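Please open the structure in your viewer and keep the selection tool at hand. This tour tells you, stop by stop, what to select next and what you will find there.

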Amino acid sequence: MPVEFIGIAATKPFSETDTQDTGPIVQPGYLRELALAHEESGFDRVLVAHSSASPDGFTVADQVLTHTTRLGVLLAHRPGFVSPTLAARKYATLDAFHPGRIALHVITGGDDADQARDGDFSDKETRYRRTDDFLQIVRRTWESAEPFDHEGEFYSVKGALSAVRPERPIPVYFGGASADAVRVGGRHADVYAFWGEPLAGIAERIRQVREAARPYGRAPEFSVSLRPIPAETEAAAWERAAEILRLTREKVGDLRKAFNLDHSAQEGSQRLLAAAAEGDVHDKRLWTAVAKATGAAGNSTALVGSYEQVAESLLDYTALGVGTLLIRGFDPLADARDYGKLVTLVRDQVDAGAGDVAPTAGDSDTPVLAGAVRA
């Protein structure tokens, strides 16, 4: 199966190593340049992320799609602020203008304070129940050619019908590390997304999600998010990693102030911090030092090495059954251009048969590492 690559969209330069105030939050020229860099490097999509302070994601997504010809968008959305029928129509409208290039990334929200900034004071368990209700209506709005009714815990609609519906299903990606997330994601996700944990942790999480999806007859695919730090040689890559860590430590206060987020209650962050507490490097070259420095504020684990070594480690994840690799750098624009080498290396190896999933006899849910993974 081909590997999907997802990058990052942003409306201004910003990262853990660059927190300078470089102008307005929306810089159309930068967004266009970043989107085109991803398209030229062979990426399939870019993620439009979400927070209570972010620019409107639907507008950003439309800008990316309008200024590129092939690149898709994974548009993050928090259920609870837009009615599900309207959200479904908004995604379907984007799809009508840019067929097959929009996907929904469901982020239920793990930070109570950030939810409250937009007026949501429900607890995490309640938010996941609401997400479940929300997605049931979204799917029916996309699929139903006849008016339908829905009576749920959070949403009730009567005679709902959308005049705009996607010709092909809009993929639903889903993120979250808690038991509630796995339960709801198992029911609804086409692609379940993980942050970059050690291989053993990803294998266990894949097993959990597959088990949760089985009662619904679903077989989700999987995504892993990582921060590659490649260079021509391994030594050069580690020199770059050391500089990234130095800058991150200098700017971590600015970073937390800018995002105004608290990840302490997020189970995904706790999993990354637990790995970081066990050591800075896991498997071949999964580096956790930036996660430790930032409190695992989002996607913050890296792969450090030569281009060939980083590609090999990415293939280790595909060998577990991961079909989507979300990779973004610490210098977003320069790295988007540079990652074209990784995209080519990984795809060439996949085409040659590396990174395939071989199920163990008698247990189709237990992947065996093949291809790029060495004993």
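Begin by selecting Asp-283, which is found in the loop between β10 (281-282) and β11 (286-287); helices (H or I, at least four residues) and strands (E, at least two) are DSSP runs, numbered from the N terminus. The phi angle of Asp-283 is near 50°, a positive value in a residue other than glycine. With a relative accessibility of 45%, Asp-283 counts as partly exposed, where buried means under 20% relative accessible area, exposed means over 50%, and partly exposed lies in between (1.4 Å probe, protein chains only).

Before moving on, note that this is a predicted model, in which local features need pLDDT of at least 70 and side-chain atom pairs count only at pLDDT 80 or more, while totals for chains, interfaces and linings use all residues. Residues are numbered from 1 along each chain as its sequence is written, and side-chain values use heavy atoms, with hydrogens and water left out.

**The whole chain**

Now zoom out until the whole chain is in view. The chain has 13 helices and 15 strands, and its C-alpha atoms fill a box of roughly 65 × 60 × 40 Å, taken along the principal axes. For 375 residues, a compact globule would have a radius of gyration near 21 Å, and the 20 Å of this chain agrees with that; the radius is taken over C-alpha atoms, and the globule rule is 2.2 Å times the number of residues to the power 0.38. Of the 375 residues in the chain, 53% are buried. Among the contacts with a separation of 6 or more, 72% come from residues 24 or more positions apart, a contact being heavy atoms within 4.5 Å.

**A buried isoleucine**

Where does Ile-229 lie? Select this residue and you will find Ile-229 in strand β9 (residues 221-231), where Ile-229 is buried, with a relative accessible area of 0%. If you leave aside its neighbours within four places in sequence, the contacts of Ile-229 include Ala-237, Ile-244, Trp-287, Val-304 and Phe-330. Ile-244 is 15 residues from Ile-229 in sequence, and the two C-alpha atoms are 9.3 Å apart in space.

**Two pairs of helices**

Two packed helices are described by the angle between their axes and the distance between the axes. Select helix α5 (residues 124-143) together with helix α6 (residues 179-188), whose axes come within 9 Å and cross at roughly 5°. Here the axes are lines fitted to C-alpha atoms, for helices over the stretch in contact, and the angles run from 0 to 180 degrees between N-to-C directions. That makes α5 roughly parallel to α6, since angles under 35 degrees count as roughly parallel, over 145 as roughly antiparallel, 65 to 115 as roughly perpendicular and the rest as oblique. Residues of α5 in this contact include Tyr-128, Asp-132 and Leu-135, and those of α6 include Ala-181, Arg-183 and Val-184. By class, the contact of α5 with α6 has 4 nonpolar, 3 polar and 7 charged residues; Ala, Val, Leu, Ile, Met, Phe, Trp, Tyr, Cys and Pro count as nonpolar, Asp, Glu, Lys and Arg as charged, and the others, Gly among them, as polar.

Next, select helix α2 (residues 57-66) and helix α3 (residues 84-97), whose axes come within 11 Å and cross at roughly 10°. These two helices, α2 and α3, are therefore roughly parallel to each other. Phe-58, Ala-61, Asp-62 and Leu-65 in α2 meet Lys-90, Tyr-91 and Leu-94 in α3, and the residues of this contact divide into 5 nonpolar, no polar and 2 charged.

**Salt bridges**

How many salt bridges does a search of the whole structure find? The search finds 27, each being a side-chain nitrogen of Lys or Arg within 4 Å of a carboxyl oxygen of Asp or Glu.

Select Arg-337 and Glu-33, whose side chains meet in a salt bridge (2.8 Å, N to O). Arg-337 lies in helix α12 (residues 332-338) and Glu-33 in helix α1 (residues 28-40), so the pair ties together parts that are 304 residues apart in sequence.

Glu-197 is buried, with a relative accessible area of 5%, whereas Arg-271 is partly exposed at 30%.

Finally, select Lys-284, Arg-285, Glu-312 and Asp-316, which are linked in a network of salt bridges.
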